[in-house]
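Have the structure open as you read.

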Amino acid sequence: MYNPLLDTFIAVADNGSFTKAAEVLYISPTAVMKQMNSLEAHLNLKLIDRTPAGIHLTEAGNIIYRDAKYLIDYSAKSISTAKASLHANDTVFCVGTSLLNPAKPFMDLWYQVNKNFPEYKLHLVPFEDNHDGILSEIEKLGKKFDFLIGACDSKEWLSRCNFLPLGQYKKMVAVSREHRLAHKDCIEIEDLYGETLMMVRRGDSGTNDFIRNDLEKNHPKIQIEDTPLFYDLSVFNRCAETGKVLLTIECWKEVHPGLVSIPVNWDYSIPYGLLYSLNAPEDVLQFVEAAKSKNQIQL
């Protein structure tokens, strides 16, 4: 309901420059400038004075900045409440879906166990893979949706929800289609020597921390660049724009059309599975038990 360019405007105002805002948003300074030009044109207002010393908000910019965060939060809550009201009286499981956390694995599971839930319908609820906002989406399990499904060994995620592992996704790397490795069907770790590997910063994922420790100890010719703890499309855009290498997983092969995902001759993988509320209702718990039984999972 609100203009998404407001997110960029807030980042510019908070950081005082296009370059610093670009680093926070994980896009290029040129992209930030274009978005600000578009927002000013859309509003027919001058929001920012550009000076050699940085940017300063105009009087109009200060007013928009003051109200923007309220508008964004209110809009998100309004949409979430409206979507929930559509199905308040249904016997339905709401399943979150996004570009990086698609619902297809849930659908595959559903068709294995749905005979146990003959009166239930499924409702797919889209959400955004915003690295700044994904934790708030996880916290909406039990409210906005009953289930999410995705790759997860994040301490932050797991402190906010229950997780039923269903399998493993192989760790791969992604490169731009013009990259020297793009033509390879599989690579060795040594092929990454001299490259910059983008991966989530240390501290949240045991799997990624293990990989980082191994690379730093045994393969110091690979330079590591931190990304935000949680990927969104901006991380894939940065990989495509800079020619760097991105640590990724096999289910994200089609996320960005300008990137090629390549298997690596290593044994790294990450668990994926079903995420559900810490205070899940009985029907959700019954579905989880059915999923455990079907997949012969012993926790």
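Buried here means under 20% relative accessible area, exposed means over 50%, and partly exposed is anything in between, with a 1.4 Å probe and protein chains only as cover. Helices (H or I, at least four residues) and strands (E, at least two) are DSSP runs numbered from the N terminus. This is a predicted model, so local features need pLDDT of at least 70 and side-chain atom pairs count only at pLDDT 80 or more, while totals for chains, interfaces and linings use all residues. Residues are numbered from 1 along each chain as its sequence is written, and side-chain values use heavy atoms, with hydrogens and water left out.

Let's start with α1. Leu5, Leu6, Thr8, Phe9, Ile10, Ala11 and Val12 are buried in this helix. Just after α1 comes Gly16, with a positive phi of about 80 degrees.

Now for the empty space. Rolling a probe the size of a water molecule over the atoms shows where empty space is left. The search runs on a 1 Å grid over the protein atoms alone: a cavity is a set of points where a 1.4 Å probe fits but cannot get out, a pocket is an open set with protein on both sides within 12 Å along at least five of seven lines, and lining residues have an atom within 4 Å of a point. Grid points are joined across faces, edges and corners, and a volume is the space filled by probe spheres set on the points. In the table, Ala, Val, Leu, Ile, Met, Phe, Trp, Tyr, Cys and Pro count as nonpolar, Asp, Glu, Lys and Arg as charged, and the others, Gly among them, as polar.

| Space | Volume | Lining by class |
|---|---|---|
| Largest pocket | about 1500 Å³ | 16 nonpolar, 11 polar, 13 charged residues |
| Second largest pocket | about 250 Å³ | 12 nonpolar, 4 polar, 2 charged residues |
| Largest cavity | about 380 Å³ | 14 nonpolar, 7 polar, 4 charged residues |

The largest pocket has a volume of about 1500 Å³. Its lining counts 40 residues, and Tyr2, Asp7, Ile72, Glu128 and Asn130 are the closest to its centre. Which helix gives the most to the lining of the largest pocket? That's α4, with 9 residues. At least two residues each come from α1 (5-15), α2 (18-25), α4, α6 (134-138) and α9 (233-242).

In the second largest pocket, 18 residues make the lining, with Pro105, Asp108, Ile149, Tyr169 and Tyr272 nearest the centre. Here α5 gives the most, with 5 residues.

The largest cavity has 25 lining residues, and Ala151, Leu229, Phe230, Tyr231 and Trp252 lie nearest its centre. Two or more of the lining residues come from each of β7 (196-200) and β9 (245-249), and β9 gives the most, with 3 residues.

Most residues other than glycine have a negative phi, and most peptide bonds are trans. Tyr26, not a glycine, has a positive phi of about 65 degrees, and sits in the loop between α2 and α3 (29-43). Asn44 also has a positive phi, near 55 degrees, in the loop between α3 and β1 (48-51). Are these two residues buried or exposed? Tyr26 counts as buried because its relative accessibility is 9%, whereas Asn44 is exposed because its relative accessible area is 69%.
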